[in-house]
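Please look over the sequence and the model shown below before reading on. The report that follows goes through a few of their parts, one at a time.

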Amino acid sequence: MSNRSSLPPMDATVGEAQQWLADGHCTSRQLIDGYLEFLQGVGRELNAVVEIFVESAQQAADQSDQRRAQGQCFGPLDGIPFTVKMNITTQLGSSDASSPMLRGFQAKEDATAVRRLRAAGAVLVGKTSCDEFAMGASNETSCHGVVSNPWDRERVPGGSSGGSAALAGSHGWSFHLGSDTGGSIRQPAAFCNATAIKPTWGQVSRRGLIAFGSSLDQICPIARDAVDCQSVLQVMEGHDPLDSTSLRQGTSSHPPIGRVALISDGLGPGIDASIATAVRSAAQQMASQGIEIIERSLPHLEAANACYQVISTAEASSNLARYDGVHVGVRGQSKDLQQLYETSRHQGFGSEVRRRILLGTFVLSAGYQDAYYNRALAVRDLIRQGIDQVLEDCDALLLPVSPFAPFPIGERIDDPLALYACDILTVTANLAGVPALALPCALDEEQLPIGMQLMGPHGSDHALLEFGQRWQRWNDQHRALPEGSTR
Amino acid sequence: MSWKTVVGLEIHAQMSTRSKMFCACVRSTGTAPNQHLCPVCTGWPGALPVINQAAVRRAIRAAISLGCGVQRESRFDRKNYFYPDLPKGYQISQFYRPYALGGEIPFERDDGSSGVLPLVRIHMEEDAGKSVHAEDGTSRIDLNRCSSPLLEIVTEPLQMSGVEAARCVRSTRELLRWIGVCDGDMEKGNLRADVNVSIHRQGDTVLGTRTELKNLNSFVSIERSVEVESARQALVLEAGGVIRQETRLWDQDLEQTEEMRGKEDSPDYRYFPDPDLPVLIIESSDIDRERDSLPESHLARKTRYIDQLKIDARDAESILARREFGDFFDQLVAAGLSPASASNWFRGEVLKHLNDREESIEDYPLTAASIAEVVEAVEGDRISVAKGREILQVALDQGCSPAQILAQTGEQVSDEAALIGWVQQVVDANPDAAEKIRAGDSKPLGFLTGQVMKASSGQAHPRLVQQILQRLIQHD
Amino acid sequence: MIDEALVRKTAHLARLEVSDDEIPGLVEHLEKILDLVDILRSVEIPEGHRSDLHVSQATVSMTREDQSSNPTDAGGPRDPAAFGENAPDWRDGSFVTPRVVG
């Protein structure tokens, strides 16, 4: 039974919790037990967590305490609890991508990023819900049910990493792994008042990430602040011989961010006024701290979402072909092979996943590939070049994460295009492969979180994170927890 | 109606690497099903491919040997289709930008002249698994072979006969075996060919519609299927019908081609670049390194053996049959034997051993150096030829080195006095045999020699014994 | 441009079952998305532009040594039992399917 009075304050960051442990105020075991209690309570109420690993977490916590007693801690994450999104493989438990197709699938192996974190002493406590196969912006398509936003439980936490974000937005001490293909960590971070970074493509190994849009996907940390995110990224990042696309050279050092371009396209019509206002205010606050703010436009912003839809669904249609009822995953009933494929995939995939596979198959098919897929590739190159050009005379780009506030559960789910509209400001970073940091910015009139994002050049992940840390010394929105959160 | 048959080939050769194309699983056949699997080749969620360096190197060697232009930048694409032996639902191949373009396969024409079959391209790809029909009406899928590294050699269409088509495949097989890229085991399916056949009339400017016969894995099936299919097409066209572009099944027993039911005529593979694999860069230094490490070509070796080493052309053929044979032969020469001796002993003994023991030369336990030692003892007249052969056989049977046995073998006796002693002994004991020889019948000579060998416990010099026998008998 | 036949054909390519009542919804959905995606056509692509090298310029050619792994190396389980456990139908060491034709 945990003695909560010796535990760190509920809003403590990983960094602060580690200090708490170092100062001997509590043991890792107590910290983990306390966090497990939270998972079993609020975590389950929000429906954010799917599996909780009590025994192994307690064992790992005890081992961390032994190391600490001998002065042999592995680093800032030793003894700290973390969760992993259901679309990232873990040795423990199952990795089902929140899909009926993979229900019960035991990967028997940690994704590279997870392995590195556990080797650094971080304690895996559970797996979190997400949109099915990471396809969604509201966490309403998970086979484990809808996830709630801790700031207003009638609203969505965002998606696809809704489970991770709901947890990060409602309690400290921990960090969480999610993924981002078109905004899937940044948008939920913005909706839940958490901090997250989508790294440069290739910065973190994708080995063990259940693929959706391979050229866009990244595993991402989400936590209470930019310091935490940086600690996690430092452990996860780096070349992996099991991922041919993981970067080999270490990130080149980028100078501290001093000049930020406010992207005007992200502040005009189509964006909620309160969000635009909040981001402008943030820019002013930065200016008052000596940051040079200029205004720029992103070329091809309107075409970015279209480009993303084509490329992500094309890759997804191919990545999900392996779920055919033959060697892994759910199998339907049939004595005929072709029918077996169809019934298995019908049983296994929800309607959004099926829609995306259909679109992706179409844009690659004979007679259409040139007009759609090849054209999207060409536009992608232009988008990439456009970003590079804008970044030539500034260090980072500033814009909102989401065009609108967290919306009520059920409001957009029947209109796929209304959900796709969530992505318009986030897909550019995935298309260009550049890093993007989502930071809490303010609350709107309804006390709902507003997040902003900073995009930087390839490899500037740490420069962005360091800037985020400065921002979080000027602005403490990231410390807020939903009203009524007990301490 | 003189019809001309045109054939195009797609030859699939499995590269002889230790591990698979995109993962570290053992590349093997002939084990229990599904023994060599991992998340990558089984298409599990979260797995990613990583290219096998050794496969790329072998691919470069193949391209150089076939005269292709190796491309500095090439790419892997996904070929998307559903089949139970293809767990990812796509095959990683090279469609838009293969690593090698052009090239040619030399082959012998039916009229004895040298022909050349031009190549379009060669590309790398991964193999699929295997499905086997089970008695209970299901199919059993074995993924051991899945993701093994393959080379696909695509030729231009060329007018040729079935025999010539088989020769093209044979020629390719020999070359790939020679340079160590593929073991060419067609029974195991490590080398197989898809054959495209079309016919047209003399004078036609356009080729006829082609049909495809897939996965032929014997020369006979290649030869016969081309003949049978072109005959079938002729019948159809002569009756006023049209040839449909389709894949047909070759039935070896009935010697006929059949329509494949339920197979799509031209499947839409939706090729697109595999986002999990970066561009493959092959630098000219990579190409140079492979070129330098290529073994002496078959032709160069043949010339060297016949012209320089003066080996009889027919004898040379057996030594040239496999590159490893020639390597062994060269080692015998390097160990000090004359080319002629090396040739005789290699063909007469080593090849015989391999045959008797049904062994491949890679597993042959005797070294060239140890055989050379024995041969030198024979040629130095210290032991007889028969003794030498015996030593090698015993070494093989007992699993020890010939040098050991040689050391324990006494030298054959050449001392005349001793030899005369034994010979006289035997002649005295066999007066009838001696009489026959004096009368002109040389047959008993062998028997008498054997008796002398026995009397001398095998130590007598057989040739000298024979000379002395003849001398003694004639003078008696 | 999008009609039932196209939807059925595409669905078959993807081995997705579509019932008759699903068709109208899918046709409409595809039409809407393709309308959205139409904007790509208005983007001006420079003459001679080639996208055919690789999706990301940030990574370079990578290969690995030709070594076969031990079961304990990173790179996932190698034990056939693991694959059997996660397979929908596994008997006598093989994946089982309805009869494969062709």
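## A strand and its neighbours in chain B

Strand S1(B) and strand S12 (residues 149-155) of chain B pair in the antiparallel sense over 5 bridges, where strands are DSSP runs of E with at least two residues, numbered from the N terminus, and two strands count as paired if DSSP finds at least two bridges between them. Within S12(B), Leu150(B) is the bridge partner of Gln14(B). This is a predicted model, in which local features need pLDDT of at least 70 and side-chain atom pairs count only at pLDDT 80 or more, while totals for chains, interfaces and linings use all residues. Residues are numbered from 1 along each chain as its sequence is written, and chains are lettered from A and ligands numbered from 1 in the order in which they are written.

S1(B) also pairs in the antiparallel sense with strand S14 (residues 191-201) of chain B, over 11 bridges, and there Arg192(B) is the bridge partner of His12(B). With strand S13 (residues 158-159) of chain B, S1(B) forms 2 bridges, again in the antiparallel sense, and Val7(B) has Leu158(B) as its bridge partner. Strand S1 (residues 3-14) of chain B is largely enclosed by the rest of the structure, because 9 of its 12 residues are buried; a residue is buried if 20 or more other C-beta atoms, placed from the backbone, lie within 10 Å of its own, exposed if 12 or fewer do, and partly exposed in between.

Helix H16 (residues 462-475) of chain B has 14 residues and reaches 20 Å from its first C-alpha to its last, close to the 20 Å expected at 1.5 Å a residue, the expected span being 1.5 Å times one less than the number of residues. Helices are DSSP runs of H or I with at least four residues.

Which residues of H16(B) are buried? They are Val465(B), Ile468(B) and Leu469(B). These residues cover an arc of only 110° around the axis, which puts them on the same side of H16(B); the arc is that of the directions from the helix axis to the C-beta atoms. The face turned away from the buried side of H16(B) carries the exposed residues Arg471(B), Gln474(B) and His475(B).

## Domains of chain B

Chain B is assigned domain 1 (3-284), domain 2 (295-408) and domain 3 (416-475), with bounds that come from an automatic or database domain assignment. The centres of domain 1 and domain 2 of chain B, taken over C-alpha atoms, are separated by 38 Å.
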